[in-house]
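Start with the structure below.

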Amino acid sequence: MALSTDFGPATALSCRECGTRYDLGPNFACIECFGPLEVAYEFGSVSRADIESGPTNIWRYRSLLPVPADVAAKPNLQPGWTKLIKADNLAGELGLRALHVKDDSGNPTHSFKDRVVAIAVEAARNFGFHTLSCSSTGNLAGAVGAAAARAGLESCVFVPANLEAAKITMASVYGGRLVGIDGTYDEVNRFCSELIGDTLGEKWGFVNVNLRPYYAEGSKTLAYEIAEQLGWRLPDQIVIPVASGSQLTKVDKGFQELIKLGLVEPKEYRIFAAQAAGCAPVSTAFKAGHEVIQPVRPDTIAKSLAIGNPADGPYVLDIARRTGGAVEDVTDPEIVDAIRLLARTEGVFAETAGGVVVGVLRKLVENGVIDPDGETVVLNTGDGLKTLDAVAAQARPAAVIRPSLDAFRTAFAN
Ligand SMILES: Cc1ncc(COP(=O)(O)O)c(C=O)c1O
Ligand SMILES: [Zn+2]
């Protein structure tokens, strides 16, 4: 297969553990130590003005991503540049001075996954893959289906068969193949690794397996956007949901790059990780002071975060500890309460992952872990319309009446 060399400023893949470097290719694990590979760059000079004159989507940061300079002109979903909402009502309710919600439900398929998939599509194009694939807890499958359709690629995505109805529909409506697996996400993921080992990896781009180094870089754009939308400043504290942990590690990488490139003032920030109590392997390890993460079998309504053996979990622990943050978890009833709290205070309807983040924020405030005077950002990574069942029992009509004044007065007599 002819490999393209047009990855913009990216120069190599580098092992996160031992630093061994590899040519840019569809590889994800170090041959020396089995550590994960990540994209290494030689950035040219990048100015705020260059970025600000770019399109209002992730491609304004193309000079910081492993993509060719003309990426924006190719058929793609143009994700990103989602709203950073100043959440004064929620801040008031929780007793925080300054709070923002980065609302990634505003992406084309209503989750942050459009960011990562957009980068993976470019890698797939470069490597000549005709089929885009993934193992997914739901949102990624929809994002891959849609991005492949727009890019003119085939798609075949694998999910646990028991996902929410909306996620199953979204993952299949774009015309690609959706395969439901009778098992957990971790079993789906293992099966995909077997498919790759069985030579499918020579023809298919699994965005979160053999294209993972490229895919993961897409989450850096969350960090860039938050900083730019705050007026080229980093927040003091940020709360990020964790499934595999990839997103959290790349938000940190994005902040570090902005500091190194002189695009923001250097500052210390604290990163907090949020999990559901029914799938909290990273939180459990953090609280126990362990380095090693014990895999769990997930049981939570936050299905998008239900990864029992998170690939980037150890790095999440490192980052939370290094930055003075924490990893916390909330129960399913707390997730539902938090979804309703965010909806009631800010008019933002989050999926269960957003409920996990807001629930963890509340818990961290109550426990005195978050500084109420710091500027805090929380990520809402998905849309409540995809997880309606989570709140269906609580969010119901106040009454169902005949269309008459009498009936209204009777129903609402007081
Ligand atoms: C809505 C939502 N938020 C957050 C995540 C966590 O992503 P990561 O696996 O990068 O930790 C996912 C992963 O599927 C997700 O669907
Ligand atoms: Zn290595």
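Domain 1 and domain 2 bury about 3,300 Å² between them, 50% of it on carbon and sulfur atoms. Buried area is the accessible area (1.4 Å probe) that two parts lose on being put together, summed over both. This is a predicted model: local features need pLDDT of at least 70, side-chain atom pairs count only at pLDDT 80 or more, and totals for chains, interfaces and linings use all residues. Residues are numbered from 1 along each chain as its sequence is written, chains are lettered from A and ligands numbered from 1 in the order in which they are written, and side-chain values use heavy atoms, with hydrogens and water left out.

**Domains and interface**

- Domain 1 covers 10-68 + 113-215, and domain 2 covers 83-110 + 219-390; the bounds come from an automatic or database domain assignment.
- The C-alpha centres of the two domains lie 22 Å apart.
- The contact (heavy atoms within 4.5 Å) takes 39 residues from domain 1 and 39 residues from domain 2.
- Arg48, Tyr61 and Arg115 supply 21% of the area that domain 1 buries against domain 2, more than any other three residues.

- The rule finds eight salt bridges between domain 1 and domain 2. A salt bridge is a side-chain nitrogen of Lys or Arg within 4 Å of a carboxyl oxygen of Asp or Glu.
- One salt bridge pairs Lys250 with Glu38, at 2.9 Å from N to O.

**Salt bridges in the whole model**

- The count by this rule comes to 27 salt bridges.
- Glu38 also pairs with Arg16, with the closest N and O atoms 3.9 Å apart. Glu38 sits in strand E3, and Arg16 in the loop between strand E1 (10-15) and strand E2 (21-22), 22 residues apart. Helices (H or I, at least four residues) and strands (E, at least two) are DSSP runs, numbered from the N terminus.
- Glu93 and Arg344 form a salt bridge at 2.9 Å between the closest N and O atoms. Helix H2 (residues 88-94) holds Glu93 and helix H12 (residues 332-346) holds Arg344, 251 residues apart.
- Glu93 is partly exposed at 46% relative accessibility, and Arg344 is exposed at 57%. Buried means under 20% relative accessible area, exposed over 50%, partly exposed in between (1.4 Å probe, protein chains only).

**A buried pair and its network**

- Lys220 and Glu257 meet in a salt bridge (3.0 Å, N to O).
- Lys220 is buried at 0% relative accessibility, and Glu257 is buried at 7%.
- Shared partners join Arg16, Glu38, Glu217, Lys220, Lys250, Lys253 and Glu257 into one salt-bridge network.
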